[in-house]
Structures are given as structure tokens and as C-alpha cells.
Amino acid sequence: MTQFNSNIDENQLWQQAFPYFFPYACAEGVYIIPVTSQLMQQIMYSGGGSTKTERAISRLDLAISSLWQKIDYLFSVDFFPHRLAAATDLLRAADFGEGPDTQINALAIEVAQAVDNVERVLEMSSFHSEAVLRAAEAVEEK
């Protein structure tokens, strides 16, 4: 298990815990919590996305939106520096799925699993991209 320095800031923690998702989330920029009904229409229209990454992000967005409906009163705004910040702030507000409300707990667990899924999908995409690049470089050298 990775040991974390207790003196690091939140950005450093995200970078260490989510080395693939954090830069992706930062590159996308500000994240506004989507309206669930509009998100559902978009997912139904697009099938959730054409790539594994898009589908993983759609799952996370739906999980965030669903949890948000239950705990939005705890926040003064519905926007965050990036998608990962939104997910982790909502998880904190929902006691990481360990509070007294079983419905909020289930939604929080889904957000946590969706975050983990995005990280794994981005990691696999990165390894795949690197392998393709190495293969292309090997062909060019011949």
C-alpha cells in the first residue's frame, strides 16, 4: 500500500492517488454537476460514449449527479475545479458511504467505484497508447 505524506495538499494527494485521472480531470477544467434528466437523455442518445473512457466518464457523471440530488443542500455551489474534485468532495460529504443513510451510502459507493473505474480505464488507455507508439517507432527503425 502506498504511504502518503500527511503534509501534502489536496492536489498532491490527487496526483499520487490518481496518477491518470488527475491530469485528465485538470485538463478538462471546471466541472458543473450535471442535471440527471439531461444527463440521462444524453447517455440514451449517445449510448454513454463511443470509447471506454467516455463510457467510464458517463458512469461517473451519472453517479455524481445521483448522489448530488441527495446531498446538494450541503454545498453552496454546484461547480468544482474539476470532475475528480467534485467526486471526492461529494464522497467526503457522504461520509465515504459509511453514514447512517443507506441510500446515500449506496450512491457514494457507486461514485467511489466509478472513480476507480475511470482511473483504471485511463491507465489501460495510457499503456495501450504507449505500446502502439513503441510498435510504430520499431517499424520506422526498420
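In the predicted model, the side chains of Glu28 and Arg83 form a salt bridge with an N to O distance of 2.3 Å, a salt bridge being a side-chain nitrogen of Lys or Arg within 4 Å of a carboxyl oxygen of Asp or Glu. This pair connects distant parts of the chain, with Glu28 in helix α2 (residues 21-28) and Arg83 in helix α5 (residues 83-93), 55 residues apart. Helices are DSSP runs of H or I of at least four residues, strands are runs of E of at least two, and both are numbered from the N terminus. Glu28 is partly exposed at 42% relative accessibility, whereas Arg83 is buried, with a relative accessible area of 9%. Here buried denotes under 20% relative accessible area, exposed over 50%, and partly exposed the range in between (1.4 Å probe, protein chains only).

Arg83 also forms a salt bridge with Asp61, the closest N and O atoms lying 2.7 Å apart. Asp61 counts as buried, at 9% relative accessibility.

The structure holds six salt bridges. One of them joins Asp116 and Arg120, with 3.2 Å between the closest N and O atoms. Asp116 and Arg120 are four residues apart in helix α6 (residues 102-141) and are therefore separated by about one helical turn. An α-helix has 3.6 residues a turn, so residues three or four places apart point the same way. Both side chains are partly exposed: Asp116 at 39% relative accessibility and Arg120 at 43%.

In helix α3 (residues 36-46), the buried residues are Thr36, Leu39 and Ile43. Viewed down the axis of α3, these buried residues fall within an arc of 60°, so they line one face of the helix; the arc is that of the directions from the helix axis to the C-beta atoms. The cover over the buried residues of α3 includes α4 (52-71), where contact is defined as heavy atoms within 4.5 Å. On the other side of α3, Gln38, Gln41, Gln42, Met44 and Tyr45 are exposed. Just after α3, Gly47 adopts a positive phi of about 75°.

Residues are numbered from 1 along each chain as its sequence is written, and side-chain values use heavy atoms, with hydrogens and water left out. Because the model is predicted, local features need pLDDT of at least 70 and side-chain atom pairs count only at pLDDT 80 or more, while totals for chains, interfaces and linings use all residues.
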